[in-house]
Amino acid sequence: MISRIACPAGPLRSPKALAPRPGGFPFAKQGVALMNLLEELRGRFAAALRALGEDDARWLEQVVPAKDPRFGHYQANMAMPLAGKLGRPPREVAQQIVHHLQVDDLCQEPEVAGPGFINLRLRPEFVVAQLQRLKTDPRLGVPRVSKPRTVVLDYSSPNVAKPMHVGHIRSTVIGDCLYRVHKFLGHHVIGDNHIGDWGTQFGMILYGYKHFLDADHYRQNPVEELARLYRLVNRLVSYRQQQEELPRLRQQQGELRGRLAQLESQTEATEDPKQRKKLRRQLQRLQAQLQELHQQIADTEAAIAQVEADPQLAELARQHPDIAQRVLEETAKLHAGDEENRRLWREFMPACLEALERIYRRLGVQFDVTLGESFYQDRLAPVVEQLLELGVAQESEGAVCVFLPEESAPLIVRKKDGAFLYATTDLATLQYRMERWAPDAVLYVVDHRQSLHFRQLFATARLWAKRVQERDPENPLTKLLDCELTHVSFGTILGSDGKPFRTRAGDTVGLESLLDEAVEHALRIVSRNDDAKPTGPELSPEQRRRVAEAVGIGAIKYADLSHHRTSDYVFSFEKMMSTTGNTATYMQYAYARIRSILRRGGVDVEALRSSEDPLLLESEQEHRLALALLRFPEAVAEVLVDYRPNLLTNYLFEELATHFTAFYEQCPVLKAPSDPLRRSRLVLCDLTARVIQKGLELLGIQTVEQM
RNA sequence: GCGCCCGUAGCUCAAUUGGAUAGAGCAUCGGACUUCGGAUCCGAGGGUUGGGGGUUCGAAUCCCUCCGGGCGUGCCA
């Protein structure tokens with residue numbers, strides 16, 4: 001397996017160059033570069049291991065921040081596994097590594113502990129020197145990568161014809177965060193919103209426009225009217241489908257009941273207890289299935305009844321009995337180049353895009369390009385032709401399929417009616433991306449239910465590229481062969497009932513109304529807090545609104561980003577805007593509080609940052625806080641190792657905020673016992689605020705000066 | 001049926017990808033303090049990491065098996 005952990009790149013500066021000069025302050029400002037400490041240490045270990053004849057980068061992953069402060073600041077664990085390989089006792093191996101390790105400019109004498117752990121403790125002077133540099137560094141110590149990658153990031157990807165809903169949150173928010181982190185680290189990243197602007201939903205709008213248009217409404221608010229048309233047609237189509245489906249469901253129910261009865265008597269008749277148990281289990285499963293089917297039938301019946309109870313809807317349904325078919329025809333006409341449908345499509349698009357843009361503006365999300373499905377139309381037929389010609393795909397039951405040995409189901413790239421699919425567009429899109437950007441990686445931020453699709457897509461794309469390479473090694477598509485293709489998958493947002501998040505009526509929740517609700521909730525919290533201030537409220541209604549917007553939207557984003565990407569999580573306004581715990585609200589509040597200290601202290605932060613005052617890390621709390629600040633670069637870099645934003649939120653909360661509060665409790669700042677100590681502590685405050693701000697910014701979350 | 005993912009404290013989630021004594025926040029209980037912004041801090045209880053077996057110096061993490069759940073699975077995206 002290829003590890004994505006970045007190897008310390010390039011020749012390292014000789015440790016000698018950093019060694020303390022006799023008689024001089026060893027860490028004069030100009031002598032120390034800002035660094036990702038972890039990577040720097042890994043580089044040092046790489047050198048030591050090379051001296052022992054080992055150059056496997058895997059060992060370097062075993063250099064990690066120490067889990068327990070008793071073990072120092074960093075620890076290296078490679079001596080134990082290496083001992084097995086070398087056939088020598090692990091402690092001896094550890095000693096040998098230490099012998100070759102040159103870290104005396106950064107660390108105190110390394111210790112070998114336990115079965116063979118190498119524990120490292122940073123030298124206080126080094127910590128102070130690094131912090132001094134941080135004061136004036138706009139990047140807060142985060143270095144740019146030495147080898148920038150070109151990365152295409154595919155995220156958000158809503159359908160333009162229908163309003164965005166809760167299902168789009170995770171892709172948009174995680175994608176945006178990854179975009180920001182890539183950019184900040186110096187990668188060349190292309191944010192691409194692969195919108196659905198060419199599918200069946202457009203057929204629905206076209207059909208709706210031709211039959212149900214409210215012209216006045218359309219003139220006044222085209223987006224709203226189009227959304228209304230979409231919902232109306234969608235409802236009528238569903239109604240028809242449900243009507244067709246109901247008999248089939250009932251038949252299934254009958255069959256299932258029959259099987260159940262059969263199994264029941266079979267179970268009764270079985271003597272063998274083991275066999276009986278097995279049958280019982282089958283019985284249980286069958287009963288569960290039946291239960292589910294009952295529910296499904298009930299839901300379907302309810303949906304049908306709802307339409308029929310509405311005289312207007314029922315009338316429309318009667319007038320448009322073949323609506324499902326007609327919608328597909330409208331879509332097909334659009335694809336075939338029908339003049340009117342193309343004209344309408346062009347007419348609708350700007351309004352649809354503007355509606356999306358409004359939400360993105362509110363979320364603070366940006367893209368470099370928005371190339372929807374329609375953009376790749378001309379490529380679809382040639383792609384399929386080429387796949388057939390190269391023997392990657394073949395015809396089967398009238399459709400064109402790619403059969404992969406490792407997958408049981410084929411990837412279908414052309415339906416038997418000649419239409420192209422999602423998979424076809426994805427292949428064409430990859431081809432285009434290779435031609436235009438020749439990226440080192442293409443990342444798809446898409447929910448986990450599509451993992452099979454992406455496995456098939458990636459395998460097919462590679463096979464395709466390989467066949468192309470055999471004929472035409474210069475073809476841009478061959479770049480695909482050493483391009484990372486990753487499905488950055490994520491779990492489902494659940495309601496408090498543990499089921500996918502929906503309204504009480506069972507509809508999906510619109511994104512915009514969700515944001516409104518969050519902001520309202522935030523406004524209540526902000527107002528309550530402002531009213532309760534000992535010196536009286538200090539925010540105007542306007543300011544409260546602005547703060548609430550930052551708090552509400554920040555809360556939604558942070559809740560999403562702070563959870564492990566692959567797991568499902570429960571959506572709850574209370575939890576995400578809790579003022580204690582790992583939330584955006586807490587982090588924003590911590591920031592505002594620190595800024596308030598600086599304000600009340602009448603501190604000129606510019607002067608503070610540029611001053612040469614010494615930093616005094618006398619207490620344990622100050623020292624720990626300083627170390628936490630120095631670890632920001634590691635936390636940022638780690639996000640991209642496995643595309644995990646929650647590693648950054650973990651850092652902000654557990655590492656930084658925790659150590660800051662400990663410091664804040666124990667170390668008076670404005671009332672510090674001496675002026676130099678006061679200034680030193682103000683520097684720590686300022687740095688903490690800046691790291692919080694930058695960290696939240698990388699998550700796409702705003703900070704406010706007062707709240 | 002087959003495939004993928006998951007199961008961690010009463011609840012919601014972490015655990016630097018195999019490291020030392022599995023951590024936070026809610027909730028519960030007990031403390032602190034004349035607010036540098038109390039939206040605070042400190043402490044306690046709470047765990048056979050779904051069960052069992054295996055791999056090795058070392059397992060929540062890897063392998064096997066069973067139990068329980070989610071998702072997907074030939075013409076949607």
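Predicted model: local features only at pLDDT ≥ 70, side-chain atom pairs only at ≥ 80, totals over all residues.

Mentor: Chain A is divided into domain 1 (15-122), domain 2 (150-198 + 347-494), domain 3 (201-338) and domain 4 (550-699). I will take the boundary of domain 2 with domain 3. From domain 2, 14 residues take part in the contact, and from domain 3, 15 residues. The C-alpha centres of these two domains lie 29 Å apart.

Between them, domain 2 and domain 3 bury about 1,300 Å², with 73% of that area on carbon and sulfur atoms. On the domain 2 side, A161, W198 and F348 supply 52% of the area buried against domain 3, more than any other three residues. The residues of domain 2 that touch domain 3 comprise nine nonpolar, two polar and three charged. Despite those charged residues, the number of salt bridges between domain 2 and domain 3 is zero. Polar contacts do occur there: four residue pairs, with both residues at pLDDT 80 or more.

The structure holds 22 aromatic pairs, and one of them joins W198 to W345. The geometry is edge-to-face, with 5.3 Å from centre to centre and 90° between the planes. W198 sits in the loop between β6 (188-192) and α7 (200-212), while W345 belongs to helix α13 (residues 339-363), so the pair ties together parts that are 147 residues apart in sequence.

A search of the whole structure finds 42 salt bridges, whereas between domain 2 and domain 3 the count is zero.

Note on methods: Residues numbered from 1 in each chain as written. Chains lettered and ligands numbered in written order. Heavy atoms only, no water. Domains from an automatic or database assignment. Contact = heavy atoms within 4.5 Å. Buried area = accessible area lost by both parts, 1.4 Å probe. Salt bridge = Lys/Arg side-chain N within 4 Å of Asp/Glu carboxyl O. Polar contact = N/O pair within 3.5 Å; in protein donor to acceptor, adjacent residues only side chain to side chain. Nonpolar A, V, L, I, M, F, W, Y, C, P; charged D, E, K, R; others polar. Phe/Tyr/Trp six-rings, centres within 6.5 Å; stacked < 30°, edge-to-face > 60°. Helix = DSSP H or I, 4+ residues; strand = E, 2+ residues; numbered from the N terminus.
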